Amino acid sequence: MTSFRKRTVQKPIRGTRTSPHTAQVITSSGNPSLDLILGGGLPIGSICLIEEDRFMTHAKVLVKYFLAEGVLSKQEIFLGSLDDLPAEMLRRLPKPLTDEEVEQEQRQEQEQPADKNGLRIAFRYSDLPLVNSEQATAKIGHHFNLMEHMEPMMLSYAQATIWDDNNKANIVVQEDDICNSTSSLEPTAAASGDEAAPVVQLEAQSTASNNNNNNNNNNNDNATTDSSTANNATSTAATTAASANESASATATASPPAAQPHFFYNPRYGRLLDYLQLLLNDESFEPGTNVQQKNLCRVCLTSLGSPLWYDEHFAEDLLKFLTILRASVRSCTAVCFITMPMHLIAKYETSLVPKIRQLVDYAIELESFAGSERETHPAFKEYSGLLHLHKMSAINTLAVHMPETTDLAFKLRRKKFVIEKLHLPPELQETSDQAAAADMMALPNCSANMPVNSNVSMDF
Amino acid sequence: MAASVLLACGLNEQKLPGFVHISEESNVDGSFLISCILGQRLRISNAGTLLVCLQHHYQHYFNAGMRLGYNTNIFLDKTLNVIDVLSDMARHGLSSKWLRSPDGLTLTEQLVKDIRNQLANNFPNRSSYTILIDNLSILFNLGASKQQVQQFCLDLADLAKEHDNLTVITKLSNSDIHQLTDNNVAKLGHVRIQVLRLKSGVFREVDGRLLIERVLDEGSYACEQSRKEVLYKVNDRNVKIFNPGEIGVKV
């Protein structure tokens, strides 16, 4: 018997590559500067939590990047939300830039004069290369133009599943059943309502979706009709929706929410998980198998834990859900991107914040200047907000990748969302002398994680 | 690779104390300790190990172990047994036995039952046995109450007392939030390792602090206890330990 063995090289999954730093398979988050902070991209099986800014402007942009990257890489997409209209979000994804456009953009940026701010540089420094505070863009993922929407033709090839929990009246009544509280809704609505799993619809018109939210009893029929009447642009997607619908009803008969009493007090979580696991249990997402159609699933949940999810057992349910979600995402070739209004959750229960952060792999807070004093502050005039890295955990490895600096700021330019190293202007104007100086002292620095009233000495 | 951290924690010997508790503050990752201990136990011939995966999958420990220079797959189902709760939940979804409690047992009771079964099957053939539980706070997340977790740890401590050469190692995250449970569980054993963040912020050359408390002699009137504090840095393939004052800011 010979010791020769034919080496079988596994084909990489579309849109992924192996990280040279950690030897893990990573995929782009859609935003090159975010990728760089994460060490090249999101590792397969990881959950990235974006702690929303107050007005939910910038978190949504990152979500769009994440989804657009999935569409372009022909990966499977799962988008779930109660607050937004998922179909509408999908329709407004940014347009990808061609290589020529990217090159042209980079060339333009390089050609910008150094003294654009009216600053003159001493001659001894003039030969030095410019410090590029924008994180260098390695060749990962794609570049997108936020000004334009993705072409419908491109979207039609998207393998997307969306969840917006259309049978909301049922939920209210079921909640009431559990909580034993009175409801203004007629109980017959629940009795006659379909027990089927939530509707998946890809052809979602905003008005139609609003109507769907109100008309809950004919969800499945509506969805099928919606899917069948989908236009050419979403024909493929509609097929996916139809198949997903079929399989969803199969799940519902196998394990309907009524058959799982009291695990989640709020049955929405159960339904969302059912749907998600149905998708993730697909053969193409099984790790290690050498299936030809091996693919990556991008799970995106926006505004999870928003007031629409509130009930008496909100904290319990949310933690259970995240624990099971983490287990599911880790076990297959998927990445998960969640946005949460953490400022609201912190008001609901302060201890919930670290517990949630413990259940995700990356926790990134977007602190927007909009509506705050810093919006007009001269020190921050270049930026839209600060980016705080609260957690980066080592998955399938020992050490975690740490970016060059944790003092980061973001700016929403016309065409793109950029994360940069936080640079302060060389000198603040004299008009904002003392207040500015006081604020400057309060800037995030290496001691950003220090307790506020900590007066202890250094640890080392 | 991990010898220095184990030496600092006093866990580098063949015979370990009966109950060891690792407390992990919020925003700190102490998973490297589990990987280090696992590697040390697997290297001892004929020593059995049971890994209860609540926070990470088995695959994570395998990959982390490869970085530390050992291959868990070689020992799997021989000297290493795994209860992978997460994988089971992922495979069976909401109908998983850990979420459904089919026998009327609570999650913690089910876990104790499985651990006892594993122990009954494997302990007689091994010179020593170690049960590693990572981590207890997931039990809270899955709906276990404080009393249930406390009872679970008490049962484990009883197991350690019942059997010679049996060590139970538990880890609890967010110990600053679950402070009461953390202290109560730590009281069950003689060694407590606290993984703490740096009070002064983030430092590139140090990840955090390890505070090791060891009860030397629990007398009738006084308890003799030793405390040691070291700084740690988790690198790609090893864990480095520094004494406070050893490392400074390089200007």
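**Group meeting: chains A and B**

In this model, 49 residues of chain A are in contact with 52 residues of chain B. Keep in mind that the model is predicted.

I will start with the interface. Chain A and chain B bury about 4,000 Å² between them, and 57% of that area is on carbon and sulfur atoms. As for polar contacts, the count between chain A and chain B is 10 residue pairs, both residues being at pLDDT 80 or more.

Now the side of chain A that touches chain B. At least two residues of that side are supplied by each of α11 (267-280), α12 and α14 (352-358) of chain A. Which helix gives the largest share of it? That is α12(A), with nine residues. By class, the side of chain A that touches chain B has 21 nonpolar, 19 polar and nine charged residues.

Let us stay with α12 of chain A, residues 314-330. Its axis and that of helix α5 of chain B, residues 85-92, come within 8 Å and cross at roughly 85 degrees. An angle of 65 to 115 degrees counts as roughly perpendicular, so α12(A) and α5(B) are roughly perpendicular to each other. On the α12(A) side, the contact is made by Thr323(A), Ile324(A), Ala327(A) and Ser328(A). On the α5(B) side, Leu86(B), Met89(B) and Ala90(B) make it. Sorted by class, this contact of α12(A) with α5(B) has five nonpolar, two polar and no charged residues.

Next, a helix pair inside chain B. Helix α2, residues 31-43, and helix α3, residues 58-68, both of chain B, pack at about 70 degrees with their axes 10 Å apart. That angle makes α2(B) roughly perpendicular to α3(B). From α2(B), the residues in contact are Ser31(B), Ile34(B), Ser35(B), Cys36(B), Leu38(B) and Arg43(B). From α3(B), they are His60(B), Tyr61(B), Ala64(B) and Leu68(B). The contact of α2(B) with α3(B) has six nonpolar, three polar and one charged residues.

Last, two points about the backbone of chain B. Most residues other than glycine have a negative phi, and most peptide bonds are trans. Asn46(B), in the loop between α2 and β2 (47-53) of chain B, has a positive phi, near 65 degrees. Where is the cis peptide bond? It joins Asp134(B) and Asn135(B), with omega at about 0 degrees. Asn135(B) sits in the loop between β4 (128-134) and α8 (137-141) of chain B.

Key. Residues numbered from 1 in each chain as written. Chains lettered and ligands numbered in written order. Predicted model: local features only at pLDDT ≥ 70, side-chain atom pairs only at ≥ 80, totals over all residues. Heavy atoms only, no water. Axes fitted to C-alpha atoms, helices over the stretch in contact; angles between N-to-C directions. Helix = DSSP H or I, 4+ residues; strand = E, 2+ residues; numbered from the N terminus. Parallel < 35°, antiparallel > 145°, perpendicular 65-115°, else oblique. Contact = heavy atoms within 4.5 Å. Nonpolar A, V, L, I, M, F, W, Y, C, P; charged D, E, K, R; others polar. Buried area = accessible area lost by both parts, 1.4 Å probe. Polar contact = N/O pair within 3.5 Å; in protein donor to acceptor, adjacent residues only side chain to side chain.
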